[in-house]
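The following report describes a structural model for computational work. Please consult the sequence and coordinates shown here alongside the text.

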Amino acid sequence: MSASKTNIFITGATGYIGGSVFQRLVQHPNAANFNLTALVRSPEKAKFVRENFPVNVVEGSNADLDKLTDLSERADVVLNIADSDDLAAANAIMQGLKRRHEKTGVKPTLIHTSGTGFLVDDARGMFSTDKIYHDSKPEEIENGVPDSALHRNVDLAVIDADRKGWLRGLIISPPTIFGMGSGPLFDSGLVNKHSLQIPLLIKISLARGRGAGVVGEGKSIWNHVHIDDVADSYIVLLDAVLKNPDTIPHGREGIYLLENGEHTWIDVSKAVGKAFVQLGLAKSAKPVPFTEAELQKYIGSSFMGYLALGSNARGRAEQIRTLGWKPKYTTADLFANIKPEVQAHAPAKKPFVQRVAVKFQQIFH
Ligand SMILES: NC(=O)c1ccc[n+]([C@@H]2O[C@H](COP(=O)([O-])OP(=O)(O)OC[C@H]3O[C@@H](n4cnc5c(N)ncnc54)[C@H](OP(=O)(O)O)[C@@H]3O)[C@@H](O)[C@H]2O)c1
């Protein structure tokens, strides 16, 4: 590795967020000055990435803590995008960055992926809230978010390592992400191109077969952002770190919320219901509340259903905008993306001849 190049280590490069970021990195105008290393756990995906992108692919998983530490020790910047909640993996990465700092005296950067799940309340779709968190005021999050909140244990570990001076800790916190991953990585068919919450709503609505579902009355509010704008946000932070490392907010001040609009869950459910009717998947577009048993059955935990589809999580992404992030996609794009997302998850229609054959079998059986 050339000493003048920036060593970048990425986890989760074959995922929805990480794949989108990875493709941005290889297309970056400065890519010739990057030494890019990706940890990939699936041999099949590792082979595809190795053969198609200028990157050093290391096979391994988050459970390979020594590997994470070694790869991080060699990195100027680590982008941790595999798992927001894997504390052991995050600690292994931070140990590597600590070693690098101790050996070189230079402070490396960790860009860690969290999520606005840490802002949620227990509304269960029954109310919206006026509580809005501003990332330029870290005390709002410190005072309003319990240490036990989702993702928070890992975020606090990153903030602690930053405070100890081992690294520069930046925490990107996306809200509901919408849109499908695009580009050669996703076209390969090997990589997940779908987000979490809206696809979840669609999939469990289809599985229960009673039309579009909603948690409670769907009154609660989340922010949203398009996957391409999420990918851009990592590049904005990376560029800021490479250009002006000493001025960028980090540690307790380094939480970067993302958002470019808000939705209520009932509006999303109504749009899903409309798409169901248009695609012949339901007779009525009217959302029908999920029962607790349905959430339990299809998600495995009603608590996760309430959290993902029935809570409030409202914030304002002030810090990343100050650094030049300009999201392109809006609330209108979120709603325009719902029908294609439903299409992607709808059961494939059998060919006409096969449908007729099935009908005959039903009639004459
Ligand atoms: N999507 C959202 O709306 C959203 C919003 C906020 C936060 N987040 C959080 O961001 C993180 C990434 O989300 P995503 O939507 O990009 O997920 P994803 O599509 O499932 O991608 C996860 C990536 O990380 C890799 N990975 C996961 N666990 C691993 C392990 N133990 N060892 C090695 N690699 C591992 C996966 O490898 P494989 O390719 O082998 O599966 C994949 O490349 C998650 O923790 C998620 O909770 C997501």
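Predicted model: local features only at pLDDT ≥ 70, side-chain atom pairs only at ≥ 80, totals over all residues.

With a relative accessibility of 36%, Arg124 counts as partly exposed.

## The seven-stranded sheet

Seven strands make up an open sheet with parallel pairing, and their order is β3-β2-β1-β4-β5-β7-β11. At the edges stand β3 (56-59) and β11 (255-257), each of which pairs on one side only. From one strand to the next, the twist averages 20 degrees.

Within this sheet, β1 (residues 6-11) is joined to β2 (residues 34-40) by six bridges in the parallel sense. Thr11 has Leu39 of β2 as its bridge partner. Helix α1 (residues 16-27) packs on the sheet and touches β1, β2, β4 (77-80) and β5 (109-113). The direction of α1 makes about 160 degrees with that of β1.

How many of the six residues of β7 (residues 168-173) are buried? Six of the six are, so the strand is largely enclosed by the rest of the structure. In a regular strand, side chains alternate between the two faces of the sheet. In β7, Arg168, Leu170 and Ile172 point one way, while Gly169, Ile171 and Ser173 point the other way, and all are buried.

Five bridges in the parallel sense link β5 with β7; Thr109 has Arg168 of β7 as its bridge partner. The pairing of β7 with β11 is also parallel and runs over three bridges, with Ser173 opposite Leu257 in β11.

Val106 is located in the loop between α4 (87-104) and β5. Apart from its neighbours within four places in sequence, Val106 is in contact with Arg100 and His101. Between Val106 and Leu167 there are 61 residues of sequence separation and a C-alpha to C-alpha distance of 8.7 Å.

## The three-stranded sheet

A further open sheet has three strands in the order β8-β10-β12, with mixed pairing. Its edges are β8 (176-178) and β12; each has a single partner strand, so one side of each is left without a neighbour in the sheet. Direction ignored, neighbouring strands here are turned by 45 degrees against each other on average.

The pairing between β8 and β10 (residues 221-226) is parallel and comprises three bridges, and Thr176 stands opposite His224 in β10. Helix α9 (residues 227-243) packs on this sheet through contacts with β8 and β10, and its direction makes about 75 degrees with that of β10. Helix α10 (residues 265-278) also packs on the sheet, where it touches β8, β10 and β12; its direction makes about 75 degrees with that of β12.

Asn260 is found in the loop between β11 and β12 (262-264). Is this residue buried or exposed? Its relative accessibility is 19%, so Asn260 counts as buried under the 20% cut-off.

The side chain of Asn260 makes a polar contact with that of Arg321, at 3.0 Å. Residues up to four places away in sequence aside, Asn260 touches His224, Val225, Arg321, Pro327, Tyr329, Thr330 and Thr331.

## Packing of α11 and α12

Two packed helices are described by the angle between their axes and the distance between the axes. For α11 (residues 292-299) and α12 (residues 302-310), the angle is about 95 degrees and the axes are 7 Å apart. The two helices are therefore roughly perpendicular to each other.

On the α11 side, Glu292, Leu295, Gln296 and Ile299 take part in the contact; they meet Ser302, Met304, Gly305 and Tyr306 in α12. By class, the residues of this contact comprise four nonpolar, three polar and one charged.

Technical notes: Residues numbered from 1 in each chain as written. Heavy atoms only, no water. Pairing = 2+ DSSP bridges. Helix = DSSP H or I, 4+ residues; strand = E, 2+ residues; numbered from the N terminus. Axes fitted to C-alpha atoms, helices over the stretch in contact; angles between N-to-C directions. Contact = heavy atoms within 4.5 Å. Buried < 20%, exposed > 50% of the residue type's maximum accessible area, 1.4 Å probe, protein only. Polar contact = N/O pair within 3.5 Å; in protein donor to acceptor, adjacent residues only side chain to side chain. Parallel < 35°, antiparallel > 145°, perpendicular 65-115°, else oblique. Nonpolar A, V, L, I, M, F, W, Y, C, P; charged D, E, K, R; others polar.
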